[in-house]
Structures are given as C-alpha cells and as structure tokens.
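Please read it alongside the sequence and the structure shown here.

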Amino acid sequence: MESLIVIALGIIIICILVIGIMIVVPPPKSIPRLDSIADPFSSVDFSRMPKLQYYKARDGSNLAYREYLNQAAQQIIVLVHGSSGSGSSMHPLAEYLQQQGMAVYSLDIRGHGNSGRKGDIGYIGQLEDDMEDFINQTLKHQKATLIGFSAGGGFVARFAASERQALFSRYILLSPYIGHNSPTLKPDNGGWAKLGYSRYFGILLLGHIGEKAFGNLPVITFANDPQQAQFLTSQYSFRLSRNFGPNLNYKSDIAAIKQPLKVLVGEKDELFKAEAFPPLFKELSAGTKVIVVPEVGHITLTTSFSGILAIAKAIRED
C-alpha cells in the first residue's frame, strides 16, 4: 500500500513539473510584420475620427469608445474590432454607416487601445460583463445590432450564444475567427499570430487555478507593424486570449445562437478559408445567411468601398 502511495505521489510530482516546464516556455516576443494586415490602413483617412468617450465598467474601470451619431438614425450599430487593434481600426466602416443614416458606436475592447491594461483582463468573462455595462449605460437598452470583425467576430459569436444574447436584436460576424480547430482557419493562421502552445495548454490543464495563478502571462503574439506598436496590442495574456473569441467548443456556440445572424467574409481573405464558411454554418445554423464578398481580403472587408458596401447592404436587409 505504501509503495502505491509513493508511486502515486511520484506521478503527481512529475505531472506538476511537466506542467510547470510547459508554462515557463513563453511565446515569441515578436514575429515578422504581415503586410496584408498592415498595408490597407496606410490609405485610411483618420482625420475625421471622433474623440474618445468613456463609460464606467462594474469594476470601476473607464472603458473607451467612439460614437458616430446621426440625429435621423433608424438603426444603432455597435462595432467590435479584431485582434490586436482598437475601435479606430473600424473607422472607415463606422463613418460610412453613419453617412448611411445609422448611429454607430466603435468600442475599444478591454485590453486594447484606451481600455484597461494592454493585452490583459481581470478574468475570463469580463468582456461580456463590459458589454452588458455598455448596453446599460450608453445604449440604455435601445434596439441595436452587434457586429464583430475577425477575433471580435468570434467574441460576438460567443456573446450571441450566451444567456445575454437577447441584449442585442441581431448579430453580424465579419470574417470571424471561429476557433483554432475550425475548418475555416488557414494553416498557421495565415502568418498573423503565433500561439505559445506549451504555455497555453499548460495553464489550460490547471483549470481555474491556472487562470488565477498564471492567467496574466502572455500566450500569443501578433504580426504587427513595429512602427505602429504603440497603437496596437502585440501580445495577449491567457485570460484575454480565452475571452476575446469563441468558446473552445465553437460548434456549440454557433448552434446556441437564436437571434438573427449573418456572416460576411472576403473571397480573398488571407487568414481564413472563405469557401469553408457556407458549409460550416449550413451544418450548425441553417438559418444563417453567409455572404462571400468577391475580390475582397481580410482587412479590406472593412476598409475597401466594395467590402463596406456589402456590409451596409447586409445591415439594411432584414
């Protein structure tokens, strides 16, 4: 009996050591700039971008957003940016939608831009709490559409699948990140991100204890332009990477969405396989309309006229 106890203790100690070694290994501090992500913004005119506004989250933090108001607005749109970015990256889309008679709010999601600590959040689930606080304080429960781009699209899908999904009247996903094991993802995420698998899964194996003790550690690095590093979030902590995107079981997320849902993706998306989206959503959410926008890439879905026009059309159509 004693020998079995000794063996069991030995196994436990070895497992702890292995997980500890996994967690010690960090993701790369930087990876080469991905031109297809950075270059489209070089031609964007940010001169008319509205000033930042703030709302107070339940933890007392002031979180940033920009509002593009239209006194004659018939629709309210809330935009969620993609990984590494901030609400300013959605400016071309927000400005056009404003011109088309919509009131638009573009958020700096906590951990990005001017909201909170860059690259980290307090706990998994905090971003959903932040969104509910924004709805209560700023939207005051007016009927609105929530639109998310890329990783923000994954987060919007996560929110749309949650018990709070009725807080928005409908949802639109723009080139959404569905998950690391989704058939929509290109190999190596198209070169956009490098996940520190060892640390990520080491923390994941420890469950709630891992999140509490090591959740602040960086686990993913993005291919940012070094010259724009001060405006971007180059790494995500474990907590932020687990919250700003879909749940691990993306199929359950998609199947749980009951509100009206649309998906748009550029035909020439550099990070995702555009052709994989229609069959995936047909399988998991038959009522979801998937639109593949011709001749449009990942970032250019939200910066080019043809991409923005397709999004505006999808919003106007019931």
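Two strands are taken to pair if DSSP finds at least two bridges between them; strands (E, at least two residues) and helices (H or I, at least four residues) are DSSP runs, numbered from the N terminus. The model is a predicted one, in which local features need pLDDT of at least 70 and side-chain atom pairs count only at pLDDT 80 or more, whereas totals for chains, interfaces and linings use all residues. Residues are numbered from 1 along each chain as its sequence is written, and side-chain values use heavy atoms, with hydrogens and water left out.

On these terms, an open sheet of 3 strands has the order β7-β8-β9 with antiparallel pairing, and its edge strands, each pairing on one side only, are β7 (193–195) and β9 (235–237). Neighbouring strands of this sheet are turned by 20° against each other on average, direction ignored, where angles run from 0 to 180 degrees between N-to-C directions and axes are lines fitted to C-alpha atoms, for helices over the stretch in contact. Strand β8 (residues 218–222) is joined to β9 by 3 bridges in the antiparallel sense, and Thr221 has Gln235 in β9 as its bridge partner. Helix α6 packs on this sheet and touches β7 and β8, its direction making about 145° with that of β8; contact here means heavy atoms within 4.5 Å.

## Helices α6 and α7

Helix α6 (residues 197–205) also packs against helix α7 (residues 207–214), at an angle of about 125° and with the axes 6 Å apart. That angle makes α6 oblique to α7, because angles under 35 degrees count as roughly parallel, over 145 as roughly antiparallel, 65 to 115 as roughly perpendicular and the rest as oblique. In this contact, Ile203, Leu204 and Leu205 of α6 meet Gly207, Gly210, Glu211 and Phe214 of α7.

## The eight-stranded sheet

A further open sheet, of 8 strands, has the order β1-β2-β4-β3-β5-β6-β10-β11 and mixed pairing, with β1 (53–56) and β11 (289–293) as edge strands that each pair on one side only. Its neighbouring strands are turned by 25° against each other on average, direction ignored. Strands β3 (residues 75–80) and β4 (residues 102–107) run parallel and are joined by 6 bridges, and Leu79 stands opposite Ser106 in β4.

Helix α4 lies across β1, β2, β3, β4 and β5 (145–149), running at about 110° to β1. The axes of α4 and helix α5 (residues 151–160) come within 11 Å and cross at roughly 75°, which makes α4 roughly perpendicular to α5. Leu127, Glu128, Met131 and Ile135 of α4 meet Phe155, Arg158 and Phe159 of α5.

## The cavity

A search of the whole structure finds 1 cavity of 30 Å³ or more, a cavity being a set of points, on a 1 Å grid over the protein atoms alone, where a 1.4 Å probe fits but cannot get out, and lining residues having an atom within 4 Å of a point. The largest cavity has a volume of about 70 Å³, a volume being the space filled by probe spheres set on the points, with grid points joined across faces, edges and corners.

Its lining includes Tyr55, Leu63, Asp108, Arg110, Leu127, Asp130 and Met131. Strand β2 (62–68) and helix α4 (126–139) each supply at least two lining residues, and α4 gives the most, with 3 residues.

Note on methods. 1 Å grid on protein atoms, 1.4 Å probe; cavity = no way out; pocket = protein on both sides within 12 Å on 5 of 7 lines; lining within 4 Å.
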